[in-house]
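Subject: Handover of a structure and notes on it

Dear colleague,

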Amino acid sequence: ISRLVDAASDETPLDPRLHRRALEIAGDVPKDKALERARLVYKDIALHVEDGRESDGRRVMFGRSGSRQAAFQYMMRELGVPVSLALVKNKLATPPLGKMSEVESYDNLVVHFDAGAEGSRWLTVRDKFAPYEYLPAELRGQPAIVLVAGAPRETTSASGATDGITFEGRASLRPDGSASVELVESFAGKVGISMRNVLDKVPEAQLHDFVEQRLIGRNLPGARVHDLKILNKDELGAPIMLQIHAEVPQLGRSQDRGVALAPLFSLHLAQLAALPERQTPLLIAASSHFEVRFEAAAPQSMKL
């Protein structure tokens with residue numbers, strides 16, 4: 001840990017050009033509002049820095065490519081806010097066999113800084129679409145070793161966005177089993193980060209086809225998207241939402257007595273445990289949270 005503390009210390013000289021850039025980013029936010037200044041720096045780096053191999057914060061800012069974490073640390077130093085790195089214990093790590101193997105569970109590096117009266121803050125600065133102050137669920141409320149002189153022990157924040165998907169909408173059934181569907185899909189936390197990454201790579205001309213085939217096709221077979229809006233795409237702190245109007249040719253199955261509606265938005269739990277029984281524990285590394293608030297309205301000519 002002592003060697004890691006030495007390696008984590010940043011003695012890179014401050015560049016006056018980047019100091020002016022840092023002040024431009026901070027704008028009119030006063031010095032005592034370190035939390036707001038950090039948020040503005042984080043947002044600027046997320047918008048302008050692409051993935052790359054450069055690890056020098058100065059070169060990352062000039063070249064607009066490289067380690068976002070290094071750029072964030074450097075720009076915070078330019079603003080006079082001390083930022084450090086911390087090793088955090090993974091909640092899902094295998095229990096240690098002894099003192100020597102205990103350190104192996106501290107396998108995640110996060111950014112930590114003290115915002116004075118606003119308290120300590122923990123965040124990851126790696127993914128382009130991660131919200132400000134985002135920590136993965138397995139790192140929340142966990143022991144941490146701050147890589148500064150003395151290696152103090154801290155505990156990370158226990159709060160954070162829920163990693164999950166919400167389906168909310170309404171289907172207006174017709175006597176033949178077809179339906180008009182208004183649907184809003186919300187992706188939050190880690191799922192929201194993944195969805196923003198995916199949508200960023202889908203060309204605008206292929207967006208409707210992608211939503212039809214990959215997102216709603218599994219739950220609403222044969223659906224045809226007539227209208228699509230993406231909400232909160234650039235607001236990283238909010239769930240990304242897809243607002244969809246679609247026509248479904250056969251939401252219900254016609255029978256002699258009327259229309260039978262199959263279960264919607266079912267979860268295939270068998271994928272999580274395919275064997276009838278196990279002799280060893282099964283570790284599911286990702287959390288899954290689903291909410292479904294969906295209404296199917298039958299035509300007046302039908303009775304439930």
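I begin with helix H8, whose buried residues pack against strand S7 (179–188), helix H7 (189–201), strand S8 (224–231) and strand S9 (240–248). The residues of H8 (residues 207–215) that are buried are Leu-207, Phe-210, Val-211, Glu-212 and Leu-215. An α-helix has 3.6 residues a turn, so residues three or four places apart point the same way. Please bear in mind throughout that this is a predicted model.

Overall form

The secondary structure of the protein chain amounts to eight helices and 12 strands. The radius of gyration is 24 Å, whereas a compact globule of 304 residues would have one near 19 Å. Of the 304 residues, 40% are buried. Where contacts join residues at least 6 apart in sequence, 59% of them are between residues at least 24 apart.

The accessible surface of the protein chain is about 18,000 Å², and carbon and sulfur atoms account for 51% of that area. As to charge, there are 38 positive and 40 negative side chains. The centres of these two sets lie 1 Å apart.

Helix H5 (68–78) is mostly covered, with 10 of its 11 residues buried. The buried residues are Arg-68, Gln-69, Ala-70, Ala-71, Phe-72, Gln-73, Tyr-74, Met-75, Met-76 and Glu-78. Their cover includes the helices H2, H3 and H4, together with strand S1 (83–88), strand S2 (108–114) and S3. Arg-77, also in helix H5, counts as partly exposed because its relative accessibility is 25%, and the cut-off for a buried residue is under 20%.

Both sides of this helix have a residue with positive phi. In the loop between helix H4 (57–63) and helix H5, Arg-64 has phi near 60°, a positive value in a residue other than glycine. Arg-64 is partly exposed, at 42% relative accessibility. Just after H5, Gly-80 takes a positive phi of about 80°.

Salt bridges

A search of the whole structure gives 15 salt bridges. Three of them are described here.

One is formed by the side chains of Asp-10 and Arg-77, at 3.4 Å from N to O. Asp-10 is in the loop between helix H1 (2–8) and helix H2 (16–26), while Arg-77 is in helix H5, so this pair ties together parts that are 67 residues apart in sequence. Asp-10 is partly exposed, with a relative accessible area of 31%.

Another joins the side chains of Arg-21 and Asp-44, with an N to O distance of 2.7 Å. Because Arg-21 lies in helix H2 and Asp-44 in helix H3 (residues 34–48), the pair ties together parts that are 23 residues apart in sequence.

The remaining example is the salt bridge between the side chains of Arg-121 and Glu-133, at 3.2 Å from N to O. Arg-121 is in strand S3 and Glu-133 in the loop between S3 and S4, and the pair, 12 residues apart, links distant parts of the chain. Arg-121 counts as buried, at 19% relative accessibility.

With a relative accessible area of 33%, Glu-133 is partly exposed.

Yours sincerely

Key:
Residues are numbered from 1 along each chain as its sequence is written. This is a predicted model: local features need pLDDT of at least 70, side-chain atom pairs count only at pLDDT 80 or more; totals for chains, interfaces and linings use all residues. Side-chain values use heavy atoms; hydrogens and water are left out. Helices (H or I, at least four residues) and strands (E, at least two) are DSSP runs, numbered from the N terminus. The radius of gyration is taken over C-alpha atoms; the globule rule is 2.2 Å times the number of residues to the power 0.38. Buried means under 20% relative accessible area, exposed over 50%, partly exposed in between (1.4 Å probe, protein chains only). Contact means heavy atoms within 4.5 Å. Accessible areas come from the Shrake-Rupley method with a 1.4 Å probe; for residues, only the protein chains shown count as cover. Lys and Arg count as positive and Asp and Glu as negative; His and the chain ends are not counted. The place of a charge is taken as NZ of Lys, CZ of Arg, CG of Asp or CD of Glu. A salt bridge is a side-chain nitrogen of Lys or Arg within 4 Å of a carboxyl oxygen of Asp or Glu.
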